[in-house]
Amino acid sequence: MSGIIGLIGERNAGQKLYAALYALQHRGQDAAGILSYNFSRAQFHLEKDYGLVGDVFKPHRLARLKGSMALGHTRYSLSDGTDQGELQPLVLSYPYGIGMVHDGNVTNYDEIVDFLTHSKHRRPFGFNDLELLLHLTADGLAAGNPAGDLVHNLAVAVRQVQRRARGAYSVVAMLADRGLFAFCDPHGIRPLLIGRKRRENGQTSYCFASEEQAFFGLGFEYWRDMAPGEFAFVDRELHFHASVLEQTASHPCMFEWIYLAGPETQWHGRSVYEVRLRLGELLGRLCQARGFDVDVVAPVPDTSRPAACRLAEVLQVPYREVLIKNRYVQRSFIERQAELRRAIVGLKLAPVVSEIRGRSILLVDDSVVRGTTANRIVALLRQAGAGKIYFASTSPPVRHACFYGIDFPREQELLGNGRTEAQMQEALGVDGLVFLPQEQLFDALGVPSLCMACVSGNYPVPVDADDFLGSRRFQADAPAAGDDADSADSNPSQPPASGADAA
Ligand code: SF4
């Protein structure tokens, strides 16, 4: 998951995206980047670095982001790479000059690298799947007739990308001197929304973004979602062109409503906040049926707050905050050091002892993935003197890996993998555990078809887990056979990092 945005038709578009990226910070805290394009000088300007949006863009960096077209990215990393070349946006000079950002994950990474290397004589520089999408787009565009229609050439290039690249990807990109374009994978797994703003001269500026709240600060209004398989292009005269190129059944990620997206946004006509209220209501009825003896209902901050509020109303017991999230502890580059990371994670949630001592507490969370956070919270509450502790999850048990851009690609690490709910309750050390069943979640979302692969095991885009985890991308940090054999740094007693350790 990452936050992506693209804007055309606004003065100082790059600087405006700086503000909009704050609205997408929750989708990625590892790094941030902005690429702007100045039509009058025919110049790109690129600024990107590790860190939060507010840390990366100092005034001198913002001042360089000139032009009326720009792309922005907040990065959520699936690997521990520390190479600046891996950060987005990426730029390729030929053909035209293309800049690109994406959200998602390409699942046939090695296959595309082999295709690019052997059939197209293009060598990807790093281990970033965006680079593959960028090269595939560039290759398709370079093959088009330069005297032909650019929109047609671009659509043909994007269709080739959609046919060759499997997985989940929403992409926003720019073509130097020409305009801004966007496309989605044929299943529409990750969100991409279109916003627009009427200008005083009668023209319309356009913005593509992962979530609706990115439009608010820009003065844009939500127009519509990008459809699965859709391609859209806004030329430099601000004419909008769009068509659906490759579409199969739509499979938006159900976790966007449960956990990933901000509550202010909507997708497929469903408000995230309203969905979370509804999930709380359904969960409340299940807790009632189980006869949980509860003094207070409390959210695990922050995502589950609307669900916990509604659940408390259903049970007619007080809603309380028993855990306070430290807003200043953020995932950051320094947390890549394991010892520091452990220390910092321990500071993230603090118990409100006065609200906990002697009370039976029903904790509401959005999901239980590995169970590490839930375990830590239960230990905190026990230490603070809680009576009984019940746990309610708005998602069904997560039993299967996600290969589409969310950070749990290894099934064996999941608490729900191979465990019954009773065994999960025991592993968490709680007095009662309830999950919203898959059918109720599906009904509550009200979207005709969804990706629910991590709970159902039915993957809309089939993936071989061994191939995926064995891909060169996940092996990037492991020394290849023969490499550094004589190096003073090599330690024969240490095996190379496994894929699991490297990612
Ligand atoms: S597997 Fe789960 S988290 Fe991944 S895209 Fe599908 S629903 Fe979302």
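**Helix packing, with its surroundings**

Modeller: Let's start with the overall layout: the C-alpha centres of domain 1 and domain 2 are 34 Å apart. Keep in mind that this is a predicted model. Domain 1 takes in residues 3-251 of the protein chain, and domain 2 takes in 271-456.

Now to helix 9, which spans residues 272-290. Helix 10 covers residues 305-315, and the two axes come within 7 Å of each other, crossing at roughly 40°. Angles under 35 degrees would count as roughly parallel and 65 to 115 as roughly perpendicular, so helix 9 and helix 10 end up oblique to each other. As for handedness, helix 9 goes past helix 10 in a right-handed crossing. On the helix 9 side, the contact is made by Tyr273, Arg276, Leu277, Leu279, Gly280, Glu281, Leu283, Gly284, Arg285, Cys287 and Gln288. They meet Pro306, Ala307, Ala308, Cys309, Arg310, Leu311, Val314 and Leu315 of helix 10. Sort that contact by class and you get twelve nonpolar, three polar and four charged residues.

Helix 9 has another partner, helix 15 (residues 438-445), and here the axes come within 10 Å and cross at roughly 145°. This crossing of helix 9 past helix 15 is right-handed too. From helix 9, Val275, Arg278, Leu279 and Leu282 take part, and they meet Gln440, Ala444 and Leu445 of helix 15. By class that contact has five nonpolar residues, one polar and one charged. Leu279 turns up in the helix 10 contact and again in the helix 15 contact.

For another pair, look at helix 5 (residues 129-142) and helix 6 (residues 150-164), whose axes come within 8 Å and cross at roughly 135°. That angle makes helix 5 oblique to helix 6. Helix 5 passes helix 6 in a right-handed crossing. Leu133, Leu136, Thr137, Gly140 and Leu141 make the contact from helix 5, while helix 6 brings Asn153, Leu154, Val156, Ala157, Val158, Gln160, Val161 and Arg164.

Next, the ligand. Around it you'll find Ile189, Cys253, Met254, Phe255, Cys402, Tyr404, Ile406, Cys451, Met452, Ala453 and Cys454. That shell is made of eleven nonpolar residues, with no polar and no charged ones.

A few backbone details are worth a glance while you have the model open. The peptide bond from Gln88 to Pro89 is cis, with omega near 0°, and Pro89 is in the loop between strand 4 (69-75) and strand 5 (90-92). Another cis peptide bond runs from Tyr94 to Pro95, with omega near -5°; Pro95 belongs to the loop between strand 5 and strand 6 (98-106). Then there's His268, a residue other than glycine with a positive phi, near 55°. You can find His268 in the loop between strand 14 (266-267) and strand 15 (270-271).

Terms used: Residues numbered from 1 in each chain as written. Predicted model: local features only at pLDDT ≥ 70, side-chain atom pairs only at ≥ 80, totals over all residues. Domains from an automatic or database assignment. Near = placed C-beta within 6 Å. Nonpolar A, V, L, I, M, F, W, Y, C, P; charged D, E, K, R; others polar. Axes fitted to C-alpha atoms, helices over the stretch in contact; angles between N-to-C directions. Helix = DSSP H or I, 4+ residues; strand = E, 2+ residues; numbered from the N terminus. Parallel < 35°, antiparallel > 145°, perpendicular 65-115°, else oblique. Left-handed = near helix turned anticlockwise from the far one by under 90°. Contact = placed C-beta atoms within 7 Å.
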